[in-house]
Amino acid sequence: MGLYLLDYGAGNVQSLANTLKKLGYEFQWILSPSDFHKATSLIFPGVGAFGSAIDGLVSRGLLEPLREYVAAGKPYFGICIGMQVLFQSSTESPSSPGLGVIPSVIEEFDSASKSVPHMGWNSIELLDPQGKAHEGLEELSHYYFVHSYRAKYDWNHPEVAQWVHSTTQYGEEIFVASVRKDNVFGTQFHPEKSGEAGLKILATWLSEPEASRRVTRPSPPSPRFPRPRDGLTKRIVACMDVRSNDDGDLVVTKGDQYDVREKAPSAPKEPALSPLQTRTAGAVRNLGKPVALAATYYAAGADELCLMNITSFRHSPLQDQPMLAVVRAAAEEVFVPLTIGGGIKDTVDPDGTLRSALEVAGAYFRAGADKVSIATEAVYAVERMRARAADGGLGEGDGTSAMETIAHAYGRQAVVVSIDPRRVYVEPTYDGLYKDELVYGKPDGPEKDRGKAWWYQCTVKGGREDRPLSAVQLAKGVEKLGAGEIILNSIDRDGTGLGFDIDLVNLVKKNVRIPVVASSGAGSKEHFVEVFQKTGVEAALAAGIFHRKEVGILEIKDALAAANINVRR
């Protein structure tokens, strides 16, 4: 089989390459237009902006050869952008025409009543559940979606509906989850990031004889209205703070209030450590090796993983080869989304070479990351944007920030901003700049908060420096600059095990339309139930309780399911 992968120059194709390797298939890359003639099967994966994908294909002379390949009836599998380019165009980039194979337009989700991007695990509905050409898709499984634009399912137009293989509902909108006709198969979701369910789809398509993939198939059933059901699940994210220990080895650590060094020998009642974990007074807290822990959490059912490099990148992010190697190795072991944080900013190498944030992010995407997380640089960018505003409002971006440049090339779904706020207590009668953001202590709340009020101030450099910016101002600013998701930490709750700061989460969530991940303070499975029941967040993140085996991921999902909260099982 002449299996080829198409890389248009910006999408994370390494994840799919790792998946094919795991499944035991050899492949080659499309390097020039002539390679299309050698290919007997082609997979086009990718995330990012529609216009960037088309521009990348055109600049490499690949768009017309791709059009000819599909028209020739040769097997084609498009993933996310690889499916969307089959359509006529996208409102994301109206001046960039697609292949026009499917006579319809890709449009943006309605964000009036839900978060956009659509990010997370959702179910699908097969439009011909009795048919045989399902390519391994199952209605009982969940698949990973991450996109702001979609093909609306229009059952009133048979010339479009005949392509629709399955649909998904998000909020009140029903959109195309997969297309299937003759030699063409495509998915809006990412099978390479959908765990075992996604691996099954790829394995099924690859195991089908090429000759049967390119023949005319029976006409699909008459278009019909899918059953209304929003199957989006709440996500459980396992986070690993990674840094060098005193011997130069990369380890997973966890700080209590950001202090990652052990203060005293282990207490008798502390959880037993594995052979890979150490606890010595004064040493960097070692809770395991990052790749091994990532594989463990993937096997345990984590919906996403985060690797946060908390001390490297001091001089040259692109020369930090150990961390790049960790990302590559982890991406070969886990088949769920992987976020990388730390040092995603414009830097200068020791030899004077300029390195842009886009270049740094690109290196990590090519290594296997799906999203990059930005923290301190996001605060500075919003401060600059607000300074440019004449009326004290948000202002406008200038196109140079890390968030803007990365979102332009890869799509906003690839950009995560990590916010580190802390409470600033004021009198309940406070009438200052942040009066509209005040939170008031409840009479039945913690005694230290009763009769008090506070707002949330942003910090930088891991909480070590306060900035004259509130969490709400920052959240609104990063959304405008192109962030697709927020990880919302709490310095006051970090390491306390008292639960998520529900007031903070609700305050930020009601002020943005992008997904929010609650972080900091989880100490029990009940805390996850509480944050999903009392707020509208899409995901919740934890670190220390997983590393110390105090609470298991499956235990949390069992508790969520018992509370009628939709989770991926």
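First, some ground rules. This is a predicted model, where local features need pLDDT of at least 70, side-chain atom pairs count only at pLDDT 80 or more, and totals for chains, interfaces and linings use all residues. Residues are numbered from 1 along each chain as its sequence is written, and side-chain values use heavy atoms, leaving out hydrogens and water.

How many salt bridges does a search of the whole structure find? It finds 32. In one of them, lysine 200 pairs with glutamate 138, at 2.3 Å from N to O. Lysine 200 sits in helix α7 and glutamate 138 in the loop between β8 (125-126) and β9 (143-147), 62 residues apart. Helices (H or I, at least four residues) and strands (E, at least two) are DSSP runs, numbered from the N terminus.

Now for a second pair: arginine 568 and aspartate 303 form a salt bridge at 2.8 Å, N to O. Arginine 568 lies in the segment after α18 (553-562) and aspartate 303 in the loop between α9 (290-300) and β16 (304-309), so this pair ties together parts 265 residues apart in sequence. Arginine 568 is buried at 17%, and aspartate 303 is buried at 0%.

Key. A salt bridge is a side-chain nitrogen of Lys or Arg within 4 Å of a carboxyl oxygen of Asp or Glu. Buried means under 20% relative accessible area, exposed over 50%, partly exposed in between (1.4 Å probe, protein chains only).
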